[in-house]
Amino acid sequence: MPQATEIGLAPVLPAYSERADSYDHDTAPYESWRRRLVAALPLRRGDTVLDVGCGTGLCFPLLLDEIGAEGTVIGIDDAPAMLAEARAKADAHGWRNITLIEAPAEHAIIPCIADAALFSAVHDVLQSPAALDNVIGHLRPGAWVVGAGGKFPPAWEVPLTFVVRAVHAPYIRDFTGFDRPWRLLEEYLDDFHVTEVAFGTGYIAVGRARPVTG
Ligand SMILES: C[S@@+](CC[C@H](N)C(=O)[O-])C[C@H]1O[C@@H](n2cnc3c(N)ncnc32)[C@H](O)[C@@H]1O
């Protein structure tokens with residue numbers, strides 16, 4: 001598998017290599033938010049769901065609650081330290097229906113056509129057309145997709161913007177597009193809608209994979 005530098009991506013952020021072991025603790029305040037965005041993804045028992053930028057696997061138990069032992073979670077992440085945490089979590093819980101792919105979403109070899117995809121707090125992935133081409137290209141037509149995370153509040157909320165930037169800086173390579181993080185994703189999906197939350201500092205975007213035409 002090529003290293004990130006070989007394929008022209010920014011290197012893995014220090015937060016993902018040096019602080020992977022404290023990621024769950026550091027982001028614990030967002031647990032109810034995580035429940036809310038997974039709940040926005042209509043899943044059925046037996047579904048295969050792609051957890052893109054799965055990190056340490058904090059969404060795994062929520063997804064498994066919906067898809068059951070007969071379903072499959074495919075976690076994709078390019079930070080080895082984060083995936084090591086995810087692997088340890090899966091082993092500790094005895095989750096056998098989790099497949100982990102250590103690769104950039106842009107180049108991950110996804111071994112199936114999945115029923116759903118989750119993009120939780122992965123701003124950099126959502127700004128990458130190559131990543132969206134690869135991931136959405138491995139979804140069945142009509143598959144549900146949820147993208148959710150932080151965003152800049154309205155322009156007049158200048159003080160809040162500074163707070164948002166500080167909170168997200170450890171986890172984002174580039175704030176480009178942070179005023180409307182779903183801009184690219186919207187182009188891939190039908191029935192697309194966005195709910196802004198927390199005074200416009202977060203969002204949950206939901207839609208369905210568009211059938212490939214031509
Ligand atoms: C803020 S964490 C979110 C983790 C998890 N989704 C959650 O909700 O806690 C962002 C994750 O995206 C991963 N990531 C960022 N860019 C990526 C890319 N191009 N391909 C795969 N993973 C990526 C990082 O390594 C990191 O684990």
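What volume does the second largest pocket have? About 490 Å³. The model is predicted, and every value here is computed from it.

**Second largest pocket**

The second largest pocket has a lining of 26 residues. Tyr30, Trp33, Gly149, Gly150 and His168 lie closest to its centre. Five elements each supply at least two lining residues: helix 3 (31–39), helix 6, strand 5 (139–150), helix 8 (158–168) and strand 7 (202–209). By class, 17 residues of this lining are nonpolar, eight are polar and one is charged.

**Largest pocket**

The largest pocket has a volume of about 590 Å³. Its lining has 36 residues. Nearest the centre are Gly53, Val122, Asp124, Val125 and Arg173. Strand 1 (48–52), strand 2 (72–77) and helix 6 (123–126) are the elements that give two or more residues to this lining. Helix 6 gives the most, with three. Helix 6 also supplies at least two residues of the lining of the second largest pocket. The lining of the largest pocket divides into 19 nonpolar, nine polar and eight charged residues.

**The ligand**

Where does the ligand sit? The space it takes is the largest pocket. A shell of 20 residues surrounds the ligand, and Arg34, Gly53, Asp77, Ala105 and Ser120 are the closest. Gly53 is also among the residues nearest the centre of the largest pocket. The shell is made up of 12 nonpolar, three polar and five charged residues.

| Residue | Ligand atom | Distance |
|---|---|---|
| Tyr23 | oxygen | 2.8 Å |
| Ser120 | oxygen | 2.6 Å |
| Arg173 | nitrogen | 3.0 Å |

On its own, the ligand has 600 Å² of accessible area, and the protein covers 97% of that area. Arg173 pairs with a ligand nitrogen atom and is one of the residues nearest the centre of the largest pocket.

**In brief**

The ligand takes the space of the largest pocket, whose volume is about 590 Å³. The second largest pocket, at about 490 Å³, has one charged residue in its lining, while the lining of the largest pocket has eight.

Conventions
Residues numbered from 1 in each chain as written. Predicted model: local features only at pLDDT ≥ 70, side-chain atom pairs only at ≥ 80, totals over all residues. Heavy atoms only, no water. 1 Å grid on protein atoms, 1.4 Å probe; cavity = no way out; pocket = protein on both sides within 12 Å on 5 of 7 lines; lining within 4 Å. Points joined across faces, edges and corners; volume = space filled by probe spheres on them. Helix = DSSP H or I, 4+ residues; strand = E, 2+ residues; numbered from the N terminus. Nonpolar A, V, L, I, M, F, W, Y, C, P; charged D, E, K, R; others polar. Near = heavy atom within 4 Å. Polar contact = N/O pair within 3.5 Å; in protein donor to acceptor, adjacent residues only side chain to side chain. Areas by Shrake-Rupley, 256 points an atom, 1.4 Å probe, with all protein chains shown as cover. Sits in = over half its atoms within 2 Å of the grid points.
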